[in-house]
Amino acid sequence: MESTKVVTLKALEATPLTFKDYGQVIEASPDGQEFGPHDAQLDLTHGTPRFYIMHIENRPLKFSSITHHANVTQCLGSVGGHAWYLGVAKSSIVDSNEIKDDTGKKIVQSRCGHSYVPPDIDDVQVFKVAGSKFLKLDRGTWHAGPLFKADAMDFYNLELSNTNVIDHTQHSFKKDNGVIFLIDE
């Protein structure tokens, strides 16, 4: 790409309604409440779950690439409930039994083995997450972040022990589309 275009996105507050196309927003529930649809609906069946605290530094409110995990749901939340941001796009994984390229969309084979359609620039959305809640990303949800204003933040992360080794597909908007996203809150 010869020049880079900057696309500014307004962040939406992450709520169960606004985030439903990408996963779930999980908020506090009373102790002893039985499991139900308000709880994270997880898929950790393809390996050993890993729940840990990530320390991240220098993640300003911009991104040029986006990632998805085809075999696992992922949960992210800030330690302390500090505000953070996540760029997302809907899952675009293509079932290998149903691959028919009659839609005109480019189908790509991931190095991880599955097929997908790269996310479209117009399908990217940004969410702001604040307070004591976390996000559960559906399998295949494209995501960029966590991003934040502070110099560093800590995040709870639930995924598989080898997610970033064997289930990490990335799309570069800068390389493939000539685009960088900036977040306007």
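Figure 1. V108 stands opposite Y116 in strand 10. What you're looking at is a predicted model: local features need pLDDT of at least 70, side-chain atom pairs count only at pLDDT 80 or more, and totals for chains, interfaces and linings use all residues. Residues are numbered from 1 along each chain as its sequence is written, and side-chain values use heavy atoms, with hydrogens and water left out. Strands 9 and 10 pair in the antiparallel sense over two bridges; two strands pair if DSSP finds at least two bridges between them. Strands (E, at least two residues) and helices (H or I, at least four) are DSSP runs, numbered from the N terminus. The open sheet here has three strands in the order 8-10-9, with antiparallel pairing. Strand 8 (93-94) and strand 9 (108-109) stand at the edges with a single partner strand each, so each has one side left without a neighbour in the sheet.

**Figure 2. Strand 6 is largely enclosed by the rest of the structure, because five of its five residues are buried.** Strand 6 covers residues 74-78. Buried means under 20% relative accessible area, exposed over 50%, and partly exposed in between (1.4 Å probe, protein chains only). Which residues of strand 6 point which way? Q74, L76 and S78 go one way and C75 and G77 the other, and all are buried. In a regular strand, the side chains alternate between the two faces of the sheet. Strand 6 runs antiparallel to strand 12, with three bridges joining them, and Q74 stands opposite L137 of strand 12. Strand 6 also runs antiparallel to strand 14 (residues 152-160), this time with four bridges; the partner of G77 there is Y156.

**Figure 3. Two aromatic pairs link separate parts of the chain.** Rings of Phe, Tyr and Trp (its six-membered ring) pair if their centres lie within 6.5 Å; planes under 30 degrees apart count as stacked, over 60 as edge-to-face and the rest as tilted. That rule gives nine aromatic pairs. One of them is F63 with F181, a stacked pair at 5.0 Å centre to centre and 20° between the planes. The two partners come from distant parts of the chain, 118 residues apart: F63 is in strand 4 (residues 62-63) and F181 in strand 16 (residues 179-184). F63 counts as buried because its relative accessibility is 7%, and F181 does too, at 0%. Y116 and W142 make an edge-to-face pair, 5.4 Å centre to centre with 65° between the planes. Y116 sits in strand 10 (residues 115-116) and W142 in strand 13 (residues 142-147), so this pair ties together parts that are 26 residues apart in sequence. Y116 is buried, with a relative accessible area of 7%, and W142 is buried at 0%.

Figure 4. F19, Y22 and F127 form one aromatic cluster.

Figure 5. T141 is found in the loop between strand 12 (133-137) and strand 13. What does T141 touch, leaving aside its neighbours within four places in sequence? T141 is in contact (heavy atoms within 4.5 Å) with Y22, T67, H68, V88, A89 and S91.

**Figure 6. Two backbone details, at P146 and N58.** G145 and P146 are joined by a cis peptide bond, with omega about 10°. P146 belongs to strand 13. N58 isn't a glycine, but its phi is positive, near 50°. You'll find N58 in the loop between strand 3 (49-57) and strand 4, and it's exposed, with a relative accessible area of 61%.

**Figure 7. Stepping back to the whole protein.** The protein has two helices and 16 strands. Its C-alpha trace spans about 50 × 40 × 30 Å along the principal axes. Buried residues make up 43% of the 185 residues. Among contacts between residues at least 6 apart in sequence, 86% join residues at least 24 apart.
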